[in-house]
Amino acid sequence: MADNNNGAFIWSIANLLRGVYKQADYGKVVLPFTILRRLDAVLEPTKDAVLGEFEKRKDGTIPVEKLLPSVSKHDFYNTSLFTVDKLGGDPANVRANLLNYIDGFSANVRDIFDRYDFAAQVARLDENDLLYLVVQRFAGVDLHPDRVSNTEMGLIFEELIRRFAESSNETAGEHFTPREVVRLMVSLLFTEHLDEDPARSLTVPGAVRTVYDPAAGTGGMLSVADDYVREHFPQASLTLVGQELNAESFAIAKADMVIKGQAIENIIWGDTLTNDGHHGKTFDYGLSNPPFGVEWKKQQSFVQKEFDLQGYDGRFGPGLPRVSDGSLLFLMHLVKKMRPRAQGGGRVGIVLNGSPLFTGGAGSGESNIRKYVIENDLLDAIIALPTDLFYNTGIATYIWILDNDKPTSRRGKIQLIDATDQWVKMRKSLGSKRRQITPEQIQHIVRLYGKSSNISEADADASKIFTLADFGYTTITVERPLQLNWALTPERLAHALSAKSLASLAASIEVALLPLVEHAGTTTSDSAAFTRRLKSALALADIAVAAPQVKALISGLSERDDTAPIVTDARGKPIADTDLRETENVPLTDEIDDYIVRELAPHVEHFWVDRSKDKIGYEIPFTRHFYKYVPPRSLKEIDSDLNKLVAEIAVLLNEVERA
């Protein structure tokens, strides 16, 4: 049976589940049974040898988990007497026998079925008289490795995962990235311009490279990366590595690795942010589509502790983003996982929403992360994707490509590519996904990425090259002097006495100062004389007022006055008016002194720049760089449209009157 027929046949088995399972839950049955059938076929040649060795070693002198993999010739084994074919021979006991068969697997495979909660699915099928039918149907599927290779089996399993994910609009986006987006990422990551570096080239016969996904989901990104390398670089191979928190997605990803012949232990279950399952390891390539805009409050204490104790020796040294969006934590994690440059370097492709491009001013966690990535020349390119590509969101998304050993032609540069128009409309929407990128459009985007210089006029609107400094700025603090007048009017006195620090003395102070209350407009700019006058009145009334209370009273009786003299401190230096304090972002490509002369001096009379408060920040205003001015419609055109509408309304009104 050809692999395409196998895939279609397995898919058809899901029809048995109608009425008992929701369509979105078909995968909970079909996927683990597909895994079971494949493993059953893979272990068939060594089944008798494993059973024989297991029988001999029952005394426990040698742990079977260390011995039996060498007998089965795989990383896993099964010690049950049953096979899928034998299960069909005893309909009355199929449930107990199937569970016995599952329990016979080595712990690393049994874990897959446990994550699927397979025992519960078996019970549900049995209670609805479906279990024996499902077992029979799967027994008729030939997935023996002599007839279905690991590559073909991987394709079958990926297709099943995709179809089950897409059949569930409500959950597809949580653990499944659209395949065309992954293909684009992989094509960008493995782009052929890297061939100029033999240490990184995939064209070297026997080359073995690692690819890692810290939020692996069902393993789709890893699978597409593997498929791409098999197709374009058959002389090379990839080792797939990942980690996933969701139990069911982890089971699918781990099963996919088993089916592909990859090492099972390379897929780790757990929270990447709090427990790095591949601590201390680095990889040639990184891929990820972390959750968009998801808060990391649950992980905050762990992440903060690593930041405080380890700094740059840990993963989060550059800074921490606001707790409402943890996507930049995954970016920093992947940066730490890049193979060091001395060992050949590493490359990363990660999908992010628009927030990481610009959220946070200079000195914020987000800006400091961008600063680290850009100043260390790690950011290679950002590609803006069309909206409405993902299953659970229609927002704008971007692929970031990072590289810690850029080709010479790309060093010190960052490429921005506007691919927002590279899409076609889908015949049928899937949740929020209404658009897709065609293979031809993927090729076009990859070609744009490969052109880091000599960009043609035709491509100039879609691809732009920048220096690192183009995205940086210095936030300068512009201070203006405090200019005040003072007066003892009823309004100002009432305002001053509303201060918390004066609450206990307010009534007494009001009585003491009432004889001094003047008409509005009688002001003074001599704060020292005004203060002495008030203190004298309070002393005569025998009211003890502490220095902070006097300060609060004097402040409450003041008002800003642009014509008043500048207020100075005890050393004669101007005091800054904090209410008038402003900041300006000066591009790193501009001289700050020139900027002050050009942009500030002509417009502000009294000011100074406190350079001690300077902060370097980075943002990537993607939309601004690709903004296209669209002139408004002419008045003549608008009038014409309005006249047409008026005429149409008149016709409708006439019809109503006639009726």
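A helix axis, as used on this tour, is a line fitted to C-alpha atoms over the stretch in contact, and the angle between two axes is taken between their N-to-C directions. Keep in mind as you go that the structure on your screen is a predicted model.

Begin by selecting helix H12, residues 179–189, together with helix H19, residues 439–450, whose axes come within 10 Å and cross at roughly 30°. Because angles under 35 degrees count as roughly parallel, H12 is described as roughly parallel to H19. Now show the side chains: Glu180, Arg183, Leu184, Ser187 and Leu188 on the H12 side meet Ile442, Ile445, Val446 and Tyr449 on the H19 side. Sorted by class, this contact between H12 and H19 holds six nonpolar, one polar and two charged residues.

Next, select helix H21, residues 506–513, and helix H22, residues 527–540, whose axes come within 9 Å and cross at roughly 105°. With angles of 65 to 115 degrees counted as roughly perpendicular, H21 and H22 are therefore roughly perpendicular to each other. Here Ile509, Ala512 and Leu513 from H21 make the contact with Leu534, Ala537 and Leu538 from H22, and by class it has six nonpolar, no polar and no charged residues.

Finally, select Asp388, which you will find in the loop between strand S6 (379–384) and strand S7 (397–403). Is Asp388 buried or exposed? Its relative accessible area is 17%, and since buried means under 20%, Asp388 is buried. Leaving aside residues up to four places away in sequence, Asp388 touches Gly394, Ser432, Lys433, Arg434 and Arg435.

Technical notes: Residues numbered from 1 in each chain as written. Predicted model: local features only at pLDDT ≥ 70, side-chain atom pairs only at ≥ 80, totals over all residues. Heavy atoms only, no water. Helix = DSSP H or I, 4+ residues; strand = E, 2+ residues; numbered from the N terminus. Buried < 20%, exposed > 50% of the residue type's maximum accessible area, 1.4 Å probe, protein only. Contact = heavy atoms within 4.5 Å. Axes fitted to C-alpha atoms, helices over the stretch in contact; angles between N-to-C directions. Parallel < 35°, antiparallel > 145°, perpendicular 65-115°, else oblique. Nonpolar A, V, L, I, M, F, W, Y, C, P; charged D, E, K, R; others polar.
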